[in-house]
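Colleague: I have the file open on my screen. Could you take me through it?

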Amino acid sequence: MADYTWPSIYFAYSYFVLMVLGALVFLIRTVKDGYWGARGEDVKYQVFDSHEEREEGRTS
Amino acid sequence: MLRKADTSATWAAIISLVLFFIGGILTTVVPPLVDTTWAKPFENADPAKGPTGKLTPLNELQLQGRQIYIREGCWYCHTQQTRTLLADTKRSGWKGVDSPVSTPDEFVYDDPHLFGTKRTGPDLSRVGGKYDEQWHRTHFRNPRDLVPGSIMPPYPWLVEDAAEFKAIVAYMQTLGRAKDWRPDNDYEE
Amino acid sequence: MQEQISRAEIAGGAAPSGALVHEDTTAKWFLVSSVAYFFIVGIVAVVIAAKFVWPELMSTIPAMGYGRLRPLHVNGMLFGWLLAADMALTYYLIPRLCGVRLWSETLGKATAILWNAIILGAVVSLLMGWNQGLEYAELPLPLDVAVVVAWIMYGFNLFMTISQRRYPAMYVSIWYVMGTILWTAFVYLTGNFAVLFTTGVNQANLNWMYVHNAVGLIFTPVGLALAYYFIPKASNTPLYSHKLSMIGFWSLAFVYVWTGAHHMLHGPISQWLQTIAIAFSVMLLIPVWAAVYNFFATMKGQWHQLRDNVPLKFLMSGVVFYLLTCFQGPMHSLRAVNAIVSKTDWIPGHAHMAVLGAFSFFAIAGAYYMVPRVWGKQLYSDSLANWSYWMWMIGGIGFFVTLWLGGFWQGWQWNNPAIPFIDTVVALEPVWLVRFFSGILMFAGILFFSYNILATVLGEKPKPTAA
């Protein structure tokens, strides 16, 4: 069997760098797209049907 | 981009498939291309490189036996892999000689593969040639007659059908024989 | 937001003005058949547990042999009960989250009929021994094709519903259901069709990619979709964080598919592929903890509701089991741990905690929540529902814990070649006896659950007309 020690080390380091870069890109995008704004969590109230139930959920 | 994925189902679907395919392709399509030993049948004539021998495809009768092995679900309780663990090589060994570990090139003709995930009974990757026909006949009829404490179910209908019995024993005697690794004397006395 | 109710809840009267009325016929059909299979396959489960203790039980009948009943148990529970129940619940919750009716009830009913035909075909073929010899993919080819057709019908129906939704932003459950539909399609095609063109280790690699992802990319995302919907609904508390749920979703989408080869650790497969599978198995902790933290944080200040809210009991116990099982998974992917537990009885203990303890608990909670609503009746008995919970809980813990301990004993004994193999079998006999009795308790859970559902559906206990 061939020796894959060095290729796997290169793979691991470049993979790690890629992940960090990806995380940074997505962090910047979330800020730009307004995920951290006041309405960023609105979606989670969709599970409640009626308006009242929704408002209740928000306050409790 | 994120907003788009959040509000457009098409975007979300495309991105989740792309992520899935990165891992999917790298772990299923690529490995056999990188490691060519997966598809090359075992063959070795040089004792310096380890056990000698040659993997040959099963004949008609042995294939028939393999079908019975699958039909009766033997592979749910018996694995067919001697793993890279010392204990496995000892347990698969024979008369004091340790068995070599299973390598991909020994299974090239296996379709479906029968590596198994659960070892309720012993591993069968090197069982070929260890027990003779009479042993298997008695054992299939009632395993507890030969191995007290065994929980293997009896398979009387395999013994009663002479053709099926011949086929399944013929198949089991092939298991692990591609590598010529052990003392000659076959069968438990 | 608009009020949404089920057709049965207005009981022939006029719908409140402006309310969206759901038919829910497809959800009803799928749910009733899934509960029926749960009961029938539950009997098979107890029988195979008994066979470990009394190996001669029914052993002269080929169709009742262990090797034929085990695939029936696995396929029946996975596809007959759990996947069908998951489909029923998604037919219920997706239209509600989208604020529109299901795209086509006719297509949905056709899917339910086809699904039942597949399960009945599976029962016959597995008992006859028509087995393809690949784990989780035992069904003969014509049935595989039928599953693909049914899945396309299901996916198309839900995607059309989602595309017509009234709210542009999608709640996390919709994400998970979409992921389930897409990933399942490709995972299933790999495990049932791509394997036919390969042999040996290559085939095993595809097979285990499928086996692992049948749980990781089918039952996990759809189970989480249920949990994300029913935990806020059953406790009437909004989810802790939408953002966190998104992190969980995308990390699951990326990480899960890589891990198939961890089923062959120490086996005849390339070492580097095993290492990749291990690394990604450890990374599974990210999506798991993201989801579990979200559920726990949602319950903050609401734990008292667990005292008398049966669906919530199932949901939160399911979350705990999910956390445990997904902690085990990465841990026994490590080579040192794997050398002990792999191929032992630890593995069924782990698998049952995932599929029964976590995902079936979510589906059961969903069923207890949905059935009274879509049939417009009161649940037949809350106390019976409570009993079913405790039967499952006690039986389940008995089952899981004894098999983990037993698995470790077994693994340690195997790793000492001085111990003859048969002695390691005899040593496990008490473990299998406890497993059988735990199985009886769990079957009592199934019995109470299915009777409760049946009595609710057929019974005449109308819903109290709430103001």
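Predicted model: local features only at pLDDT ≥ 70, side-chain atom pairs only at ≥ 80, totals over all residues.

Colleague: Let us begin with the interface. How many residues of chain B are in contact with chain C?

Modeller: On the chain B side there are 70 residues, in contact with 82 residues of chain C.

Colleague: What area do chain B and chain C bury between them?

Modeller: The two chains bury about 6,400 Å², and 67% of that is on carbon and sulfur atoms. Within chain B, the residues that lose the most area to chain C are B:Phe20, B:Tyr76 and B:Arg91, which together make up 12% of what that side buries.

Colleague: And how many polar contacts and salt bridges cross between chain B and chain C?

Modeller: The rule gives 22 residue pairs in polar contact, both residues being at pLDDT 80 or more. It also gives three salt bridges across this interface. C:Asp345 forms a salt bridge with B:Lys118, with the closest N and O atoms 3.5 Å apart.

Colleague: Which helix of chain B supplies the largest share of the side that touches chain C?

Modeller: Helix 2 of chain B does, with 15 residues. By type, the residues on that side of chain B divide into 37 nonpolar, 21 polar and 12 charged.

Colleague: Changing topic: how many aromatic pairs are there over all chains?

Modeller: The search of the whole structure finds 63. C:Phe30 and C:Tyr91 count as stacked because their ring centres are 5.5 Å apart and their planes are at 25°, under the 30 degrees set for stacking. C:Phe30 lies in helix 1 of chain C and C:Tyr91 in helix 2 of chain C, so the pair ties together parts 61 residues apart in sequence.

Colleague: Are C:Phe30 and C:Tyr91 buried or exposed?

Modeller: C:Phe30 counts as buried at 1% relative accessibility, and C:Tyr91 counts as buried at 2%.

Colleague: What sort of aromatic pair do C:Trp54 and C:Phe436 form?

Modeller: That pair is edge-to-face, 5.2 Å centre to centre with 90° between the planes. C:Trp54 is in the loop between helix 1 and helix 2 of chain C, and C:Phe436 is in helix 15 of chain C, so this pair ties together parts 382 residues apart in sequence. C:Trp54 is partly exposed at 44% relative accessibility, whereas C:Phe436 is buried at 11%.

Colleague: Now back to charge. How many salt bridges are there over all chains?

Modeller: The count comes to 20 by this rule. Within chain B, the side chains of B:Arg66 and B:Asp110 meet in one, at 3.5 Å from N to O. This pair links distant parts of the chain, with B:Arg66 in helix 4 of chain B and B:Asp110 in the loop between helix 5 and helix 6, 44 residues apart. B:Arg66 is buried at 3% relative accessibility, and B:Asp110 is buried at 14%.

Colleague: What about C:Arg70 and C:Glu135?

Modeller: Their side chains meet in a salt bridge of 2.7 Å, N to O. C:Arg70 sits in helix 2 of chain C and C:Glu135 in the loop between helix 3 and helix 4 of chain C, 65 residues apart. Both residues are buried.

Terms used: Residues numbered from 1 in each chain as written. Chains lettered and ligands numbered in written order. Heavy atoms only, no water. Contact = heavy atoms within 4.5 Å. Buried area = accessible area lost by both parts, 1.4 Å probe. Salt bridge = Lys/Arg side-chain N within 4 Å of Asp/Glu carboxyl O. Polar contact = N/O pair within 3.5 Å; in protein donor to acceptor, adjacent residues only side chain to side chain. Helix = DSSP H or I, 4+ residues; strand = E, 2+ residues; numbered from the N terminus. Nonpolar A, V, L, I, M, F, W, Y, C, P; charged D, E, K, R; others polar. Phe/Tyr/Trp six-rings, centres within 6.5 Å; stacked < 30°, edge-to-face > 60°. Buried < 20%, exposed > 50% of the residue type's maximum accessible area, 1.4 Å probe, protein only.
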